[in-house]
Amino acid sequence: MTESLINQNIIKNLDSKDKQEVLNLLKVLIDNTHEAEAQFNELKKIYDDVLELLPDAIWILESTLEMYYQNKPSYALTHILEIIKKNILPHTRQESELEYKGNTYLYKVDFLSNKIVITAIDITAQKRQERLASMGTISAHLAHEIRNPVGSISLLTASLLKRGDNVTMPIAMEIKKSIW
């Protein structure tokens with residue numbers, strides 16, 4: 001037999017005014033509980049809406065790797081999730097890049113309570129920009145390395161043209177034409 005939260009003898013010994021006070025307090029408690037539940041549901045909706053607004057794919061998994069929650073962007077990347085799940089190290093935060101079908105994804109794995117949180121985002125455009133920036137840097141360096149000796153040759157040729165004799169003048173003119 002289960003015990004009641006309220007002792008029956010206490011209830012029998014209450015007069016009607018006390019019983020009314022208990023009922024009023026119970027009503028306040030119930031109203032507060034409903035208000036707390038409404039606030040909780042409002043916060044949960046905000047939380048869910050924020051997760052849907054993020055561009056990252058978000059998966060929350062049980063410790064058994066079963067799906068607990070996923071946002072809309074994650075549905076397009078289910079193939080990525082399967083690859084990530086194979087690489088999860090128990091209780092080890094991870095951050096890595098993954099190449100899949102010509103795209104590059106940055107993914108993170110973290111552990112919160114008894115859940116596994118995985119996020120992934122397509123960083124293909126950023127990787128392309130990094131490669132272009134690297135190529136620009138290499139091109140500028142290469143142009144600089146070519147310009148230096150050509151500049152020196154041009155100066156020396158100009159000196160030869162000013163001081164040269166009839167034998168060196170045609171050679172100096174040919175060098176100057178080739179440089180330009």
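Let me begin with Val 109, which, setting aside neighbours within four places in sequence, is in contact (heavy atoms within 4.5 Å) with Ile 84, Ile 88, Thr 92, Arg 93, Gln 94, Ile 116, Val 117 and Ile 118. This is a predicted model, in which local features need pLDDT of at least 70 and side-chain atom pairs count only at pLDDT 80 or more, while totals for chains, interfaces and linings use all residues. Residues are numbered from 1 along each chain as its sequence is written, and side-chain values use heavy atoms, with hydrogens and water left out.

Val 109 is also among the residues with the most contacts inside the largest nonpolar core, together with Trp 59, Ile 80, Ile 84 and Ile 118, and that core has 15 residues. By a nonpolar core I mean a set of buried Ala, Val, Leu, Ile, Met, Phe, Trp, Tyr and Cys residues joined through side-chain atoms within 4.5 Å, where buried is under 20% relative accessible area with a 1.4 Å probe, protein chains only. A second, separate core of 5 residues includes Ile 58, Ile 60, Tyr 69 and Val 117.

Turning to the pockets, the largest holds about 240 Å³ of space, and its lining includes Ile 60, Tyr 69 and Val 117. A pocket here is an open set of points on a 1 Å grid over the protein atoms alone, where a 1.4 Å probe fits, with protein on both sides within 12 Å along at least five of seven lines, and lining residues have an atom within 4 Å of a point. The second largest pocket has a volume of about 150 Å³, and Ile 88 and Ile 116 are among the residues that line it.

Methods: Grid points are joined across faces, edges and corners, and a volume is the space filled by probe spheres set on the points. Buried means under 20% relative accessible area, exposed over 50%, partly exposed in between (1.4 Å probe, protein chains only).
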